[in-house]
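Hello,

Here is the structure we talked about handing over. Please look it over first; my notes follow below.

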Amino acid sequence: MKKLGLYLLLLPGLLFLTLFMVIPIAMTVLSTFFQEGSFTLEGYLHFLADPYFLKILWTTLQVSVVTTIACILLGFPAAYYISKLGPRKKGVLLALAIFPLLTSSVVRSFSWMIILGKKGLLNSSLLSLGLIEKPLEILYTPSAMMIGLIHLFLPLIIITLVGVMENIDPDLLKAAESLGASKFTAFRQVIVPLSVPGLIIGSILVFVGSLTAYTTPALLGGKQRVISTFLYQNAITLNDWHMASVIATIMIAITFIVIGLMNKLATKLNPKG
Amino acid sequence: MREKNRGLALFTFLIFLFLLGPLLIISVTSFEPGTVLKFPPQGFSLRWYENIFEVEMFMETFKTSMIVSLAGNLLALALGIPAAYALSRFQFKGKSLLNGVFISPVLIPGIVMGFAMLKYVIITYQLPIYAGLLVGHTVLMLPFIIRVIASSLSNFDFAIEEASLSLGAGRLETFFKVVLPNIRSGIIAAVLIAFLESFNNVDISVFMTGPGVSTLPIQMLTYVENYFDPTIAAISVLLMIITAIFMFIIERLMGLSYFTKR
């Protein structure tokens with residue numbers, strides 16, 4: 001009887017997800033292995049043999065790696081600073097970091113179009129200062145995408161790291177210092193290793209997020225395609241649904257491989273074992 | 001030591017300048033009186049705010065976005081509250097697997113989900129585009145609803161529920177009169193967080209457009225491709241105001257720790 005009640009509570013949600021998410025995704029993945037009823041890997045071979053596709057994949061990976069590294073390097077010190085503040089100031093800075101995160105990605109990417117455009121804020125400032133003679137071509141390049149993505153994901157890594165660093169016992173730092181470690185050594189030997197789990201979760205979120213982001217590359221990348229805009233192009237503009245499904249499957253595979261690897265790394269590096 | 005702290009403070013200040021500066025710039029440029037976005041603006045005017053209400057497509061897509069986000073939210077609540085309750089209240093075999101299934105929509109790349117839904121929900125199941133949007137946004141919101149409400153339930157003392165049951169109230173009555181009122185703020189926060197996720201969504205909505213049907217963010221994307229006047233900046237400001245209000249309410253209801261916990 002109790003079991004029946006449990007099923008009744010869970011079943012509607014499960015059915016809904018199965019019908020509208022699990023089946024569509026599973027069928028999309030399965031469909032890539034069949035053409036006209038027989039098993040084939042042609043879609044994948046086609047993908048792997050075409051230098052244009054590979055270049056898009058390569059650009060996407062490059063952009064995502066650079067974005068992730070930049071977010072770690074910029075986010076880690078900022079998060080450390082925030083985690084050390086008193087509750088009031090910390091609350092304010094956390095709120096200021098969360099606000100952009102909740103703001104529409106269209107709005108955030110559009111703001112960079114104003115800044116990075118040919119006649120944008122950056123170029124007009126640099127020109128009037130006499131630092132450059134011709135406007136820089138930044139908008140519609142991979143650099144613009146990276147800037148937009150760093151802007152999109154930096155708050156995510158900051159708040160994740162603050163959440164972890166808050167829980168590090170401050171006495172550990174004092175202990176390290178009283179045992180003769182310099183501030184920096186104590187930071188490196190205590191804070192950094194204890195932040196590793198947060199760093200890994202944050203990096204997964206940023207890396208997977210950049211790898212699959214659509215709005216930012218669509219607005220800031222111009223003709224430069226990444227894998228997500230390429231999927232959209234194949235599905236909607238070119239109407240090549242088989243290819244689009246192959247790209248979708250590759251995106252799912254990369255996402256799960258990254259999450260799996262990072263999780264493995266996390267258990268390995270976790271100082272608590 | 002002071003020195004290093006000051007360096008770190010300056011660094012953090014610059015990071016926040018990078019994060020918030022662009023949003024400030026977009027806000028300022030929305031008051032530009034001319035037809036081209038400029039920074040600094042050449043004067044002060046509200047004409048682009050008026051323009052939002054004059055462009056029919058913005059009003060229509062805003063309405064669609066509202067309906068989809070609100071109706072999807074209700075549907076996600078109807079599916080999500082019972083699931084969150086079952087997952088927090090009972091111990092059973094396969095619980096962590098089910099937990100994973102309910103959270104999985106956030107793990108699948110949005111653009112992949114949108115495409116798969118176009119392929120099966122719209123084409124194979126032959127749902128109208130409007131219904132497809134609704135279904136897609138419900139799937140999108142479900143994990144947020146379940147996560148926030150489950151975390152709210154984890155602070156709920158189920159002994160109160162037992163007490164109500166032993167005093168003779170029925171299971172359903174107890175749920176509505178005892179459990180729900182106790183997690184009310186969690187539910188409201190869940191609704192707001194899910195609403196923002198849905199209202200701002202591009203990845204799914206971009207595949208679910210058809211004759212006369214589209215959402216506001218998609219309309220904004222299309223507009224930006226064709227025009228570079230300050231209308232989008234003006235809409236952005238309005239969206240940011242809504243976001244700020246929502247965030248303030250969420251903070252009041254359950255603090256900001258939901259965002260820092262992973």
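**What was found**

For chain B, UniProt lists residues 62-250 as "domain: ABC transmembrane type-1", in an unreviewed entry. UniProt positions follow the numbering used here, feature names are shortened, and annotations may be inferred rather than shown by experiment. The end C-alpha atoms of that span lie 23 Å apart. The span is 77% helix and 0% strand.

This is a predicted model: local features need pLDDT of at least 70, side-chain atom pairs count only at pLDDT 80 or more, and totals for chains, interfaces and linings use all residues. Residues are numbered from 1 along each chain as its sequence is written, while chains are lettered from A and ligands numbered from 1 in the order in which they are written.

**Chain B**

Chain B has 12 helices and zero strands. Helices (H or I, at least four residues) and strands (E, at least two) are DSSP runs, numbered from the N terminus. The C-alpha trace spans about 70 × 65 × 30 Å along its principal axes. Of the 262 residues, 44% are buried (20 or more other C-beta atoms within 10 Å of a residue's own, with C-beta atoms placed from the backbone).

**Where chain B touches chain A**

The contact (C-beta atoms, placed from the backbone, within 7 Å) takes 66 residues from chain B and 65 residues from chain A. Several helices of chain B contribute two or more residues, including H1 (2-29), H3 (56-89) and H11 (231-254). H1(B) gives the largest share of the chain B side, 14 residues. By class, that side has 53 nonpolar, eight polar and five charged residues. Here Ala, Val, Leu, Ile, Met, Phe, Trp, Tyr, Cys and Pro count as nonpolar, Asp, Glu, Lys and Arg as charged, and the others, Gly among them, as polar.

Best wishes

How values were computed:
A residue is buried if 20 or more other C-beta atoms lie within 10 Å of its own, exposed if 12 or fewer, and partly exposed in between; C-beta atoms are placed from the backbone. Two residues are in contact if their C-beta atoms, placed from the backbone, lie within 7 Å.
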